[in-house]
Amino acid sequence: MSGTISGGRLLRVHEGLFKKNDQQAARNRETFRAARVRAVNLLSAPGAGKTAILERTIRELRPSRAGVIVGDLATDNDARRIRSTGAPAEQITTGTICHLDASMVAAAVARMGLDGLDVLFLENVGNLVCPASYDLGENLRVVVLSVTEGEDKPLKYPVVYRNAGVALINKMDLAEAVEFDRQTAHANIRRVAPEARILEISAKTGSGFQAWLDCLANIST
Amino acid sequence: MHEASLIESALDIAVARARREGATRIRRMTLGVGALSGVDPLALEFAFGAVVAGTMAEGADLTIEPRRGECLCMRCQYSFETDDLLPACPKCGETDIAIRGGQDLHLLSLEVV
């Protein structure tokens, strides 16, 4: 369909900007299904403890095998930390891009392979805004809130919480010291993600980890 | 700044379509931006000029058409529109709300020569 405006032609398009990403995410999901790997997209603000959570999770998941694809703007420090647990880790250095997208994940999966893996963690770039809109093909989306960030984070960044299946509250070992208000935090998460399962953990002490591991064992694909 | 990535996606779609139509330049791109997408229209405008530089859309205008969020109350089943990222049902006050639309972005149209 076309029309004329000031000598130009008007072309109607109406195409979604996430269409290409969503199509690749669907292909990723099929790849994970065929390889019998459960994929988990992990999102949080910088410093909430995603890498520390994964280090402990990988150790405690054994004998199940986990791999990690980790996104950062720069450095491969997180991938090196993960590899020190013995798990395969593939770094995506995103440069100026503030999120992982489905095609970056597909390329990293092709480099690393999924052989022998039961769980694949997609550790997103530390950012509560940009990664929210990009489906990576994951089977479970997990948002991490640490007690030091304040109870109102979910209300400030509702979009990232919207599709979360699990909300992890990390650094519970510090809760008392920072006067963390559990009830308010839970209510705020419920407000933006009524369906999400809320788990309180400490990656440092391991408290709450059994419920988290059970959660990972029961991901539906 | 995922606004730059979003403009790149829009530009890819626009350039492919413009070429198919035998156009040589893109003068205007019109984007529909959902109020619940979490995307900042000002940041889109800021990214636009930089992303289209050196392409067939260089110098083009960007028009943004806001789209309202479409919600369904999970308690009383009332359907309503809102721009609020933390929607509550205007009838019964419930905050368990299913979002049915207004989370996405579309390239709506192009003006080409």
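Does A:F18, at 8% relative accessibility, count as buried or as exposed, and what is the reason? In this predicted model, A:F18 counts as buried because its relative accessibility of 8% falls under the 20% limit for that class. The residue belongs to one of the 2 aromatic pairs counted over all chains.

A pair of aromatic rings is described by the distance of the centres and the angle of the planes. For A:F18 and A:Y134, the ring centres are 5.4 Å apart and the planes stand at 85°, so the arrangement is edge-to-face. A:F18 is found in the loop between β2 (8-16) and α1 of chain A, whereas A:Y134 is found in the loop between β6 and β7 (140-146) of chain A; the pair therefore ties together parts that are 116 residues apart in sequence. A:Y134 also counts as buried, because its relative accessibility is 5%.

The other pair considered here is formed by B:Y78 and B:F80, whose rings are stacked, with 6.2 Å from centre to centre and 15° between the planes. B:Y78 has a relative accessibility of 30% and so counts as partly exposed, while B:F80 is buried, with a relative accessible area of 9%. An aromatic ring also takes part in an arrangement with a charged group: the charged end of A:R56 sits over the ring of A:F209, at 5.8 Å from the ring centre.

Helix α1 of chain A comprises residues 19-34. From its first C-alpha to its last, this helix of 16 residues reaches 23 Å, close to the 22 Å expected at 1.5 Å a residue. Its buried residues are A:N21, A:Q24, A:A25, A:N28 and A:F32. Seen down the axis of α1(A), these buried residues fall within an arc of 105°, and they therefore line one face of the helix. An α-helix has 3.6 residues a turn, so residues three or four places apart point the same way. On the face turned away from the buried side, α1(A) carries the exposed residues A:R33 and A:A34. The helix is followed by A:R36, which has a positive phi, near 55°.

As for the confidence of the prediction, the model scores ipTM 0.90 and pTM 0.91. In chain B, the average pLDDT is 95, and 99% of the residues score at least 70.

Key. Residues are numbered from 1 along each chain as its sequence is written. Chains are lettered from A and ligands numbered from 1 in the order in which they are written. This is a predicted model: local features need pLDDT of at least 70, side-chain atom pairs count only at pLDDT 80 or more; totals for chains, interfaces and linings use all residues. Side-chain values use heavy atoms; hydrogens and water are left out. Helices (H or I, at least four residues) and strands (E, at least two) are DSSP runs, numbered from the N terminus. The expected span of a helix is 1.5 Å times one less than its number of residues. Buried means under 20% relative accessible area, exposed over 50%, partly exposed in between (1.4 Å probe, protein chains only). The arc is that of the directions from the helix axis to the C-beta atoms. Rings of Phe, Tyr and Trp (its six-membered ring) pair if their centres lie within 6.5 Å; planes under 30 degrees apart count as stacked, over 60 as edge-to-face and the rest as tilted. A charge sits over a ring if NZ of Lys or CZ of Arg is within 6 Å of the ring centre and within 35 degrees of the ring normal. pLDDT is the predictor's confidence in each residue, from 0 to 100.
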